[in-house]
Amino acid sequence: MNLTLLIIVPFLTAIAVLFCKGLKQVRTVSLAGAAVQLALVVFLLIAYWQQHTSGGSQFLFESNVMWFKPLNINYHVGIDGISLAMITLTALVVLAGTLVSWSTEKLSKEFFFLLALLSMGAYGFFISLDLFTMFFFLEVAVVPKFLLIGIWGSGKKEYSAMKLALMLMAGSALVFVGLAGIYFQANSFDVIQIAGMHIPLSVQKTFFPFAFIGFGIFTALFPFHTWVPDGHSSAPTAASMFLAGISMKLGGYGCLRVATYLMPDAAHSYAWIIILLATIAIIYGAFATMMQTDLKYINAYSSVSHCGFVLLGIGMLTKTSVNGAVLQMVSHGLMTALFFAAIGMIYSRTHTRQIAQLGGLLKVTPFISTVFTIAGLCSLGLPGFSGFVAEMTVFMGSWQNPDAWYRFATILACASIVVTAVYILRATGRSIMGPLNASYNQLTDASWNEKLAAGVLITGIVIMGVAPFLITKLIAPSTDVIMNKVLTMVK
Amino acid sequence: MWTDFLILMKQEMAVIAMIFILLFMKLGRDRSNESFMNTMNVLLLLNLILGFVFNHEGILFNEMFRTSRLIAFEKNILNLAMLIISLQSYSWLKTNKHVPEFYILMLSSLLGMFFMISSGNLLMFYLGLEMSTIPLAAAANFDLTKRRSSEGAMKLIFSSAFSSACLLFGISMLYGTTGTLVFSELPHLINNNPLQLFAFILIIAGFAFKISVVPFHLWTADVYEGAPVAVTSFLSVVSKGAVLFAFVSVLYTVFSPLAKVWYNMLFILSLLTIITGNLFAIRQENFKRFLAFSSIAQVGFILVGISRSSDISTTSVIYFVLIYVFSNLAAFGVVSLVTAVTGKENISDYKGFYKTNPGLSWVLTIALFSLAGVPPTAGFFGKFFLLIAGAGKGNYVLISIAAVNIVISLYYYLRVVKAIFMDANPTPLPSIRTPLMPKLAFIVCVAGAVTIGVVSPVYDYIYSLIVLR
């Protein structure tokens with residue numbers, strides 16, 4: 001199968017949306033596009049599975065076309081298990097996001113156009129095996145967010161949009177410096193070629209921080225996480241879902257695929273800084289969430305905490321912990337998208353996100369409230385949902401690292417789960433249970449599109465929670481390849 | 001023999017022919033502005049097409065004039081820009097009393113630039129440069145009723161006279177030490193002699209004036225603000241592009257023995273230019289001044305690319321100028337149209353612009369994104385390649401500072417985008433009907449700004465022109 005289809009389909013969706021008239025046509029086209037993407041991804045999963053079990057190479061479905069010959073830049077795409085997991089996540093979130101924004105009246109054409117552009121950037125990023133292509137798609141995914149938040153957002157949206165765009169752009173500027181460093185050393189942007197070379201330690205040590213921090217900004221690396229709360233809470237529902245569900249994963253994926261895979265020695269020497277920052281992010285994020293009164297801020301700050309697990313897993317550099325990091329990316333993507341979807345559904349009915357003003361919603365909107373509770377339980381790591389599987393794997397993997405300080409960090413990170421339980425249960429208890437606010441008596445429950453959106457995401461969460469081996473089998477061989485390189489380099 | 005001369009100088013001949021046609025049309029019976037403009041647009045289009053065929057390499061008049069497929073391509077970029085500007089100034093020229101004069105001035109300037117790019121001798125180069133500057137000073141004064149316009153023209157003529165003096169002084173010193181002005185002979189005679197270095201500095205200063213490199217940029221904003229938008233866009237795109245082409249060829253051929261010296265000079269100049277341009281652009285309220293400072297910053301990026309001489313650098317510079325033609329002219333085109341219809345030219349006037357003019361808003365947004373270097377627009381590719389080409393292996397300081405500046409520049413470009421899309425305004429600008437000619441220009445510009453980057457054969461084509469030279 002030609003992977004370029006994953007870029008072409010969103011692109012054609014975006015173009016088709018421009019020629020539509022009225023909200024109905026626009027959303028039908030977008031939904032069709034999202035459905036085709038999901039179908040493609042399902043097909044890809046099956047095909048990948050077949051080829052992989054019959055002993056395929058590390059990257060499958062590769063295609064490599066010369067793009068800019070004088071500079072040795074190729075359009076090189078291919079997927080392994082990790083990218084496939086990310087693509088699946090993207091397809092699910094895109095479908096759910098499209099369904100959730102079903103009744104976007106304001107400038108609907110532009111809205112769905114930008115959503116399609118954003119998903120194109122995400123797909124392109126995950127399938128790229130050329131650093132230039134990857135960087136191109138990384139930036140493609142930045143600017144639509146600025147417009148999405150600034151035009152359709154709520155609250156102090158202009159400020160948040162500008163902050164997000166500038167911080168993410170600063171992140172990509174750092175990534176650019178890192179890539180340039182690799183390029184001048186290897187004289188190539190090709191990930192596979194560079195992985196086969198050995199970059200001198202001094203070069204690695206100089207450019208690893210650029211690449212890692214650059215990608216880290218995308219995934220809320222402490223202290224560069226400040227765009228997350230503002231950006232997430234000002235964004236319209238679908239954009240929040242995309243931001244937290246997909247966009248933050250661009251960073252985690254980049255940290256793993258570019259920084260750690262291509263510069264493994266430096267990853268070892270800087271591991272303690274990564275772990276330190278990740279632990280701070282986990283704990284700080286959890287405690288900061290306790291202080292929030294706005295549902296979106298709660299989810300945004302808890303994202304900082306949860307994405308800390310991704311970085312912790314990468315920093316620990318054991319096979320299990322890196323597996324856990326990838327699992328956590330997928331799990332957090334699905335869970336946080338579901339959470340934002342539920343918050344969006346509540347907000348569109350009650351027009352408030354303040355916990356204090358909500359209450360007893362379970363009585364009038366049972367479906368939405370259940371979705372909200374499921375997302376919450378997944379977030380606090382209840383067994384049976386994906387969050388448990390992912391966090392457990394990260395902890396186990398981190399514990400395998402024998403360094404005493406790292407184990408101390410693991411214990412601290414584990415302890416944060418208690419705090420998570422506190423804020424999740426409190427938010428759920430106050431807004432879903434309790435006495436019903438009289439003005440909310442007339443609320444309607446979820447419409448079919450909202451039910452479908454939630455259903456798509458919950459299916460993903462439950463499958464991952466009940467049958468984690470499915471996804472572990474998918475990603476483990478690929479993380480093994482990365483970790484084998486990292487571990488042999490050290491010896 | 002004489003046919004050779006016709007074919008090699010075909011682009012110059014075409015421009016001269018256009019000037020004569022204009023003169024004859026002016027001498028004849030009274031014609032409407034439309035007939036002038038339509039004739040010119042058709043002729044400019046033919047001129048552009050002519051530039052792509054019968055391109056040969058050759059030298060004329062004892063190396064005074066040389067041409068190659070690369071030079072013909074460079075001239076054609078300018079032809080294209082001239083055509084776009086002509087299409088865009090439709091609304092502004094429609095009611096103007098001096099349409100033929102405007103075109104004659106622009107074309108004479110273009111002719112000068114052609115000679116400058118094609119020059120194989122510093123004397124010819126100087127003549128071309130002067131020939132391109134003096135009509136521009138007259139054109140900058142084209143809004144005869146506005147004082148700012150004459151003020152801008154005055155500043156332009158003074159500063160260019162000063163820079164020409166610098167250049168001429170440098171050239172004469174170079175002649176004094178080497179005894180020749182021919183490009184092909186000079187490199188063998190240049191040998192770090194202090195007088196030659198001094199001459200070199202003067203010549204660089206002369207160039208720096210023309211392309212408004214900091215600290216020689218002070219005239220730019222005032223002239224851009226005062227001149228009519230059509231002239232401003234000509235100054236910022238065509239004139240800059242031409243001088244940059246000439247600069248690259250002079251630097252890489254004549255001064256190649258001094259590569260170490262000018263690498264450090266350009267390194268410092270480019271960083272100064274980028275930073276100053278960016279910091280000043282943040283604070284501008286007038287759209288034309290804003291674009292003036294943004295174009296100063298863009299030139300800084302181009303200098304980064306120039307600073308290390310290689311085929312990749314030359315390719316990236318020409319490629320970037322091509323992208324710059326599309327993106328900057330799209331931005332100027334919108335400003336030109338809005339100014340012509342409403343007379344307003346402040347950024348704050350554009351608040352809520354999207355409500356009334358969605359089409360123009362997208363054109364402006366794509367143009368600004370391309371200038372900011374945001375993919376998938378071409379500007380991203382242009383800047384990426386410039387930085388990769390200019391830094392070479394090892395110069396990460398340059399890359400880092402430039403990368404930081406890309407973020408700063410994004411801020412001020414997004415500020416305009418924010419005004420267009422997000423800021424509420426009870427009285428936005430009225431809905432503007434775009435006439436056919438500017439519409440065509442916008443389509444060309446947007447198509448260029450979106451496709452030239454992703455479609456790699458353009459870059460490969462320029463590279464092949466340079467390698468096969």
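**Exercise 1.** Which element supplies the largest share of the lining of the second largest pocket?

*Solution.* The model is predicted, so local features need pLDDT of at least 70 and side-chain atom pairs pLDDT 80 or more, while totals for chains, interfaces and linings use all residues. Residues are numbered from 1 along each chain as its sequence is written, chains are lettered from A in the order in which they are written, and side-chain values use heavy atoms, without hydrogens and water.

Begin with the 26 lining residues, of which A:S103, A:T104, A:P236, A:T237 and A:S348 lie nearest the centre of the pocket; a pocket is an open set of points on a 1 Å grid over the protein atoms alone where a 1.4 Å probe fits, with protein on both sides within 12 Å along at least five of seven lines, and lining residues have an atom within 4 Å of a point. Next, α6, α11 (237-262), α15 (319-350) and α20 (448-466) of chain A each give at least two residues, helices being DSSP runs (H or I) of at least four residues, numbered from the N terminus. The largest share, four residues, belongs to α15(A).

**Exercise 2.** Describe the lining of the largest pocket by position and by class.

*Solution.* Of its 46 lining residues, A:I15, A:F113, B:I366, B:V446 and B:V450 are the closest to the centre. By class, the lining comprises 36 nonpolar, seven polar and three charged residues, where Ala, Val, Leu, Ile, Met, Phe, Trp, Tyr, Cys and Pro count as nonpolar, Asp, Glu, Lys and Arg as charged, and the others, Gly among them, as polar.

**Exercise 3.** Which residues does A:L131 touch, not counting residues up to four places away in sequence?

*Solution.* With contact taken as heavy atoms within 4.5 Å, A:L131 touches A:L179, A:I182, A:F189, A:V191, A:I194, A:V258 and A:L262.
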